[in-house]
Amino acid sequence: MAIRLVALDMDGTLLDSNKNLPPDFMDWVKTHPAIKTVIASGRQYYTLVKDFIPIKDQLIYVAENGGIVFEQDSVIYLNEMQKTDIKDCLDIIDRTSGTTPVICGAKSAYMRPAEKHILREIEMYYDHLQQTPDLYEAALQDIVVKIAIFVDQKMAESAMGHFTDVAGHLSTVLSGDSWIDIANQTVNKGVAVAAIQQKYDISPEESMAFGDYLNDTELLQACAESYCMANGHPGLKTLAKHIADSNDNNGVMKILQQING
């Protein structure tokens with residue numbers, strides 16, 4: 001069956017360790033207009049778009065780990081957090097040392113003033129970013145789809161234990177060695193890709209996905225042709241149908257170049 005949709009995680013997957021795109025990726029997108037190319041990332045939409053200006057409107061963007069989907073600057077899907085949940089999560093985060101919360105809204109991301117090295121790390125992922133002492137007030141003024149938590153010293157995995165009290169209808173996901181994401185339990189990259197599949201009448205068997213970390217689990221499950229990168233998390237490798245070469249060895253493009261269409 002022909003591939004009609006390709007969904008790609010960014011960090012650790014499409015991007016190399018220096019955060020560079022494969023040099024032939026944009027040309028591949030241009031020469032495969034019949035394939036819906038989906039960028040599926042924990043990053044903010046406004047940050048993602050900056051990397052793809054020449055082909056911006058030829059891509060679909062699953063941003064904030066599936067909390068919101070943009071196509072040609074329009075929102076085609078979103079999953080909003082309740083304001084009371086945001087307040088409860090902020091209370092837990094504020095009791096956990098070494099953590100910096102980022103409120104991820106449709107219009108912007110919001111954080112409290114922080115040390116320079118923390119700000120640098122967060123700015124890498126959030127182009128639209130406002131600093132404010134009152135995060136909850138900022139949340140009231142926007143549609144919030146996710147709370148991202150930056151954990152200093154790359155201690156995200158060990159910090160996960162502090163979030164066992166998060167409400168059961170929310171999910172807490174490890175999305176990198178320095179990041180934890182909290183969103184509605186119904187939010188993930190796979191649900192967002194399923195919404196795109198439904199919109200364009202594309203089956204999972206016609207879909208291919210690439211990822212490297214645990215927040216890509218549902219993304220790979222939504223697509224019959226699933227690839228974990230060689231540099232990926234061992235837990236993701238066990239559920240992927242295939243293993244692709246590493247992100248630093250152009251693993252994604254080695255597979256995409258084999259696709260006809």
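A cavity is a set of grid points where a 1.4 Å probe fits but cannot get out. In this predicted model, the count comes to 1 cavity of 30 Å³ or more. The largest cavity has a volume of about 50 Å³. Its lining is made up of Gln44, Tyr45, Tyr46, Glu64, Ile68, Phe70, Gly105 and Ala106. Helix α3 (45-50) and strand β4 (68-71) each give at least two residues to this lining. By class, 5 of the lining residues are nonpolar, 2 are polar and 1 is charged.

The largest pocket has a volume of about 740 Å³. It is lined by 36 residues, and the closest to its centre are Asp11, Lys19, Tyr125, Ser175 and Gly176. At least two lining residues come from each of α1, α5 (116-123), β9, β10 (170-176) and β11. Strand β9 provides the largest share, 3 residues. The lining divides into 7 nonpolar, 15 polar and 14 charged residues.

The second largest pocket has a volume of about 170 Å³. Its lining holds 15 residues, and Asn65, Ser171, Val173, Val187 and Asn188 lie nearest its centre. Strands β10 and β11 each contribute at least two residues to the lining of this second pocket. Here the largest share, 3 residues, comes from β11. The classes in this lining are 5 nonpolar, 5 polar and 5 charged.

Charged pairs form another part of the picture. Side chains of opposite charge can pair when their charged atoms come close. The model has 16 salt bridges. One of them joins the side chains of Lys189 and Asp9, with an N to O distance of 2.9 Å. This pair links distant parts of the chain, 180 residues apart. Lys189 belongs to helix α8 (residues 189-199), whereas Asp9 sits in the loop between β1 (5-8) and α1. Both Lys189 and Asp9 are buried.

Lys146 takes part in salt bridges with Glu64 and with Asp181. For Lys146 and Glu64, the closest N and O atoms are 3.1 Å apart. Lys146 and Glu64 are both buried. Glu64 is also among the residues that line the largest cavity.

In the pair of Asp181 and Lys146, the closest N and O atoms are 3.8 Å apart. Asp181 counts as buried because its relative accessibility is 5%, and buried means under 20%. The value for Lys146 is 1%, so Lys146 counts as buried too.

Salt bridges also link Asp11, Lys19, Arg43 and Asp51 in a network. Among these, Asp11 and Lys19 are also named with the residues closest to the centre of the largest pocket.

On the surface, Val75, Leu78 and Ile143 form a nonpolar patch. Together they have about 210 Å² of accessible area. Leu78 is found in strand β5 (residues 74-78). Its relative accessible area is 36%, so Leu78 is partly exposed.

Backbone angles pick out two further positions. Most residues other than glycine have a negative phi. Gln72 has a positive phi, near 50°, and is not a glycine. Gln72 is located in the loop between β4 and β5. Gln153 is not a glycine either, yet its phi is positive, about 65°. The loop that holds Gln153 runs between β9 (144-151) and α7 (156-159). Gln153 counts as exposed because its relative accessibility is 63%, and exposed means over 50%.

Pro22 occupies the loop between α1 (10-14) and α2 (25-30). With a relative accessibility of 9%, Pro22 counts as buried. The C-alpha atoms of Pro22 and Asn247 are separated by 9.2 Å, although the two residues are 225 apart along the chain.

Key: Residues are numbered from 1 along each chain as its sequence is written. This is a predicted model: local features need pLDDT of at least 70, side-chain atom pairs count only at pLDDT 80 or more; totals for chains, interfaces and linings use all residues. Side-chain values use heavy atoms; hydrogens and water are left out. On a 1 Å grid over the protein atoms alone, a cavity is a set of points where a 1.4 Å probe fits but cannot get out, and a pocket is an open set with protein on both sides within 12 Å along at least five of seven lines; lining residues have an atom within 4 Å of a point. Grid points are joined across faces, edges and corners, and a volume is the space filled by probe spheres set on the points. Helices (H or I, at least four residues) and strands (E, at least two) are DSSP runs, numbered from the N terminus. Ala, Val, Leu, Ile, Met, Phe, Trp, Tyr, Cys and Pro count as nonpolar, Asp, Glu, Lys and Arg as charged, and the others, Gly among them, as polar. Patches are made of residues with over 30% relative accessible area and no salt bridge: like charges are joined within 9 Å, nonpolar side chains (Val, Leu, Ile, Met, Phe, Trp, Tyr) within 5 Å. Accessible areas come from the Shrake-Rupley method with a 1.4 Å probe; for residues, only the protein chains shown count as cover. A salt bridge is a side-chain nitrogen of Lys or Arg within 4 Å of a carboxyl oxygen of Asp or Glu. Buried means under 20% relative accessible area, exposed over 50%, partly exposed in between (1.4 Å probe, protein chains only).
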